[in-house]
Amino acid sequence: AGWATRALADRLTSRSRLIWTVVAAIVLAASLGMPATAATTTATAVTLTLMHLAVGAILIAGLSRSSR
C-alpha cells in the first residue's frame, strides 16, 4: 500500500516526496494506537510500538528516496 501511494503521488504531482512523507507519518501515528490498546502487558505494548516505529522509519526513509 505504501509503494502504491508513492507511485500514485509520483504520477499526480510534482511534490510527491512531501505528500508521501506526510501521508506515511499520519498512517504511522495512527498505527501506534493498536499496540497501545491491544497489548496485554506494558512490555508487549512497548515492544509492538518499537516494532511499528522501526518498520515505519525504514519504509518512510526508503520510499522517500525513490523518485521518477
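**Entry 1: helix 1 and helix 4**

I began with helix 1 and helix 4, whose crossing is right-handed; that word applies when the near helix is turned clockwise from the far one by less than a right angle, and left-handed when anticlockwise. I am working on a predicted model, where local features need pLDDT of at least 70, side-chain atom pairs count only at pLDDT 80 or more, and totals for chains, interfaces and linings use all residues. Residues are numbered from 1 along each chain as its sequence is written, and side-chain values use heavy atoms, with hydrogens and water left out.

Helices here are DSSP runs (H or I, at least four residues), numbered from the N terminus. Helix 1 and helix 4 pack at about 30°, with axes 11 Å apart. Axes are lines fitted to C-alpha atoms over the stretch in contact, and angles run from 0 to 180 degrees between N-to-C directions. The two helices are therefore roughly parallel to each other (angles under 35 degrees; over 145 is roughly antiparallel, 65 to 115 roughly perpendicular, the rest oblique).

I then listed who touches whom: Gly2, Trp3 and Arg6 of helix 1 against Leu63, Ser64 and Arg65 of helix 4, contact meaning heavy atoms within 4.5 Å. By class I find 2 nonpolar, 2 polar and 2 charged residues in this contact. Nonpolar covers Ala, Val, Leu, Ile, Met, Phe, Trp, Tyr, Cys and Pro, charged covers Asp, Glu, Lys and Arg, and the others, Gly among them, are polar.

**Entry 2: helix 1 and helix 2**

Next came helix 1 with helix 2, whose axes come within 8 Å and cross at roughly 150°. This pair is therefore roughly antiparallel, and its crossing is right-handed. On the helix 1 side I noted Gly2, Thr5, Arg6, Ala9 and Asp10, which meet Ser16, Arg17, Ile19, Trp20 and Val23 in helix 2. The contact divides into 4 nonpolar, 3 polar and 3 charged residues.

**Entry 3: Arg17**

I stopped at Arg17, in helix 2. Apart from neighbours within four places in sequence, Arg17 is in contact with Arg6, Ser64 and Arg65. The C-alpha atoms of Arg17 and Arg6 are 7.9 Å apart, for 11 residues along the chain.

**Entry 4: helix 2 and helix 4**

Helix 2 packs on helix 4 at about 170°, with the axes 10 Å apart, and the two are therefore roughly antiparallel. From helix 2, I see Arg17, Trp20 and Leu28 among the residues that meet helix 4, whose side includes His52, Gly56 and Leu63. The class count is 8 nonpolar, 5 polar and 2 charged.

**Entry 5: the largest pocket**

Last, I looked up the largest pocket, with about 280 Å³ of space. Its lining has 15 residues, and Ala24, Val27, Leu28, Gly56 and Leu59 lie nearest the centre. A pocket is an open set of points on a 1 Å grid over the protein atoms alone, where a 1.4 Å probe fits, with protein on both sides within 12 Å along at least five of seven lines; lining residues have an atom within 4 Å of a point. Volume is the space filled by probe spheres set on the points, which are joined across faces, edges and corners. Helix 1 (2–12), helix 2 (16–31) and helix 4 (42–65) each supply at least two lining residues.
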